[in-house]
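Welcome! Please take a look at the sequence and the model below, and then let us walk through some of the details together.

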Amino acid sequence: SSNFALEGAISALPMDLVAKLTELRALPDAGGYGQVKLLAQQLLTQMNKPLGMRREDLRDTLLKSTRKDLLALANSHDAERRMYFGLDLISSLFSDEDQSVRSKAVEVYILRTYRGYTVQDVETVDAKDVVDKTPAA
């Protein structure tokens, strides 16, 4: 899916923004800049890859992940491990041809969206009219 695109997505960061993010990434550790540095580094890392490649990386990660790993994956702040788990990219996998990818993408989406809450369990159900695109019996 090298031609994959999200509506409104940009293919690369403008050079002036890259320069500013690089400056932010170089801030000292002292003074409470840790979160700012982390976010700058994540943006620079994530935008280094084409969108289609990030989507395929996410898809591969979901394919290899077990359900018990999804909570840690959704809450991870490690830019290299998490790659780009923005809700827009996750939701693009809701219509993937592989049911396990669809299901895991929905679960990660819910867990990321509601990470401030305790989500006890997520269960996905494929309704016949949605799966077969026909009215339910």
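R59 counts as buried, at 12% relative accessibility; buried means under 20% relative accessible area, exposed over 50%, and partly exposed in between, with a 1.4 Å probe and protein chains only. The model is a predicted one, in which local features need pLDDT of at least 70 and side-chain atom pairs count only at pLDDT 80 or more, while totals for chains, interfaces and linings use all residues. Residues are numbered from 1 along each chain as its sequence is written, and side-chain values use heavy atoms, with hydrogens and water left out.

A salt bridge here is a side-chain nitrogen of Lys or Arg within 4 Å of a carboxyl oxygen of Asp or Glu. Between R59 and D96, the closest N and O atoms are 2.7 Å apart. This pair links distant parts of the chain, with R59 in helix α3 and D96 in the loop between α6 and α7, 37 residues apart. Helices are DSSP runs (H or I, at least four residues), numbered from the N terminus. D96 is buried, at 4% relative accessibility.

For R59 and E97, the closest N and O atoms are 3.1 Å apart. Because R59 lies in helix α3 and E97 in the loop between α6 and α7, this pair ties together parts that are 38 residues apart in sequence. E97 counts as exposed, at 67% relative accessibility.

Leaving aside neighbours within four places in sequence, D98 is in contact (heavy atoms within 4.5 Å) with R59 and L63. D98 and L63 are 35 residues apart in sequence, and their C-alpha atoms are 8.9 Å apart in space.

The count of salt bridges comes to five. One of them joins D29 and K37, with the closest N and O atoms 2.6 Å apart. Are these two partners buried or exposed? D29 is exposed, at 65% relative accessibility, and K37 is buried, with a relative accessible area of 17%.

## Helix α3

Helix α3 covers residues 51-64, and its end C-alpha atoms are 20 Å apart, which agrees with the 20 Å that its 14 residues should span at 1.5 Å a residue. The expected span is 1.5 Å times one less than the number of residues.

Among the buried residues of α3 are L51, R55, L58 and L62. The buried residues of this helix pack against α2, α4 (70-75), α6 and α7.

## The aromatic pair

How many aromatic pairs does the structure hold? There is one. F94 and Y109 form this pair, which is edge-to-face, at 5.4 Å centre to centre and 75 degrees between the planes. Rings of Phe, Tyr and Trp (its six-membered ring) pair if their centres lie within 6.5 Å; planes under 30 degrees apart count as stacked, over 60 as edge-to-face and the rest as tilted.

F94 is partly exposed, with a relative accessible area of 33%, and Y109 is also partly exposed, at 28% relative accessibility.

## The whole chain

The protein chain has eight helices and zero strands. Of its 137 residues, 32% count as buried. Among contacts between residues at least 6 apart in sequence, 59% join residues at least 24 apart.

Conventions. Helix = DSSP H or I, 4+ residues; strand = E, 2+ residues; numbered from the N terminus.
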